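Me: I have a structure open and I am new to it. Can you walk me through some of its contacts?

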Amino acid sequence: MSPSVVLDNVSDFQSTAATAHSNGTPPRILLLSPPSLSSHPEKLDGIVAAHDRSATDIQMLDRLSLSLVHLPEATYDIVLILLDADQTRKESSRLLISSVLQLIVKSLKPGGTLTSQDGTLADTESPERSEAIFAGLVIENGNMVKPNYSATDSVPLRFGKQKADGGAMATTIPAGTGAVSLNLTGKRKNGPAEDSTNAPAGVGFVLPGDDLNGNDEDEDDELIDENDLLSDEDMKSTV
């Protein structure tokens, strides 16, 4: 009896779960390959064949780290870090330095994800994961995600309440604090000072008619005639 042969059609790598956009177009994917895969073209071809070639780009990590290639900004929905030829991430981890990760983050669209072929980039404590967080990514559902800051809700600013009579804004002062409320219109009132009964405790006002000496009995001071200061002999003497 001849031995039976069973073909293994299961892929040896973990493909990225890429879903089409709402308009039916496939997501843009960037494959970043470590240098060791260039010596195993059959593995690299098998990985590329699992993706839509019209929406997938591939770059070598070593060329990116040497600034020999440039990535377009805000272009990719998914950036996939491929495994090394020995199915580890030792080589790619060494190349994913801060400057490279900053270029990768810039190439992602808002809401785009950075992940690895084995799916452990966001789950494993590693220097490249820390650098990805420093570059602006956050961890969501096992992936490194670029936040969509454009979707942030705006927060209105309120500067106090409107007065019913003139519409001027004034700050709200808690009762009993002794603080003075401020008029935020920048205008000063002309005319006599306000009634001192409205002043906070411990604060006084000086008016033009107030006696600063505190003695009302000395208002009629004795007037001195300047002619009495000179005698008749002084008036006749020549200068």
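This is a predicted model: local features need pLDDT of at least 70, side-chain atom pairs count only at pLDDT 80 or more; totals for chains, interfaces and linings use all residues.

Me: Strands, then. In which sense do E1 and E2 pair?

Reply: Strand E1 (residues 29-33) and strand E2 (residues 56-60) pair in the parallel sense, over 5 bridges. The chain gets from E1 to E2 through helix H1 (residues 41-49), and this β-α-β crossover is right-handed.

Me: And what stands opposite Leu-30?

Reply: Asp-57 in E2. Asp-57 also forms a salt bridge with Arg-28, with the closest N and O atoms 2.8 Å apart. That pair links distant parts of the chain, since Arg-28 sits in the segment before E1, 29 residues away from Asp-57 in strand E2.

Me: Is Asp-57 buried or partly exposed?

Reply: Asp-57 is partly exposed, with a relative accessible area of 26%. Arg-28 also counts as partly exposed, at 28%.

Me: How many salt bridges does the whole structure have?

Reply: A search of the whole structure finds 5. One of them joins the side chains of Asp-77 and Lys-109, at 3.6 Å from N to O. Asp-77 lies in strand E3 (residues 76-81) and Lys-109 in strand E4, so the pair ties together parts 32 residues apart in sequence. Asp-77 is buried at 16%, while Lys-109 is partly exposed at 25%.

Me: What does Arg-89 form a salt bridge with?

Reply: With Glu-128, the closest N and O atoms being 2.9 Å apart. Arg-89 lies in the loop between E3 and H3 and Glu-128 in helix H5, so parts 39 residues apart in sequence are tied together. Both Arg-89 and Glu-128 are buried. Together with Asp-118 they are linked in a network of salt bridges.

Me: Where does the side chain of Ser-92 reach?

Reply: To the backbone oxygen of Arg-89, at 3.2 Å. Ser-92 is in helix H3 (residues 90-95) and counts as buried, at 0% relative accessibility.

Me: Now Ser-116. What does its side chain contact?

Reply: The side chain of Asp-118, in a polar contact of 2.6 Å. The Ser-116 side chain also reaches the backbone nitrogen of Leu-121 at 3.2 Å. Ser-116 is in strand E4 (residues 108-116) and counts as buried, at 3% relative accessibility.

Me: Last topic, the surface. Which residues make the nonpolar patch?

Reply: Ile-133, Phe-134 and Ile-139 make a nonpolar surface patch of about 310 Å². Ile-133 is in helix H5 (residues 127-134) and counts as partly exposed, at 38% relative accessibility.

Terms used
Residues are numbered from 1 along each chain as its sequence is written. Side-chain values use heavy atoms; hydrogens and water are left out. Patches are made of residues with over 30% relative accessible area and no salt bridge: like charges are joined within 9 Å, nonpolar side chains (Val, Leu, Ile, Met, Phe, Trp, Tyr) within 5 Å. Accessible areas come from the Shrake-Rupley method with a 1.4 Å probe; for residues, only the protein chains shown count as cover. A salt bridge is a side-chain nitrogen of Lys or Arg within 4 Å of a carboxyl oxygen of Asp or Glu. Helices (H or I, at least four residues) and strands (E, at least two) are DSSP runs, numbered from the N terminus. Buried means under 20% relative accessible area, exposed over 50%, partly exposed in between (1.4 Å probe, protein chains only). Two strands pair if DSSP finds at least two bridges between them. A crossover is right-handed if, with the strands pointing away from the viewer, the path from the first strand over the helix to the second runs clockwise. A polar contact is a pair of N or O atoms within 3.5 Å; within protein, one must be able to donate a hydrogen and the other to accept it, and residues adjacent in sequence count only if both atoms are side-chain atoms.
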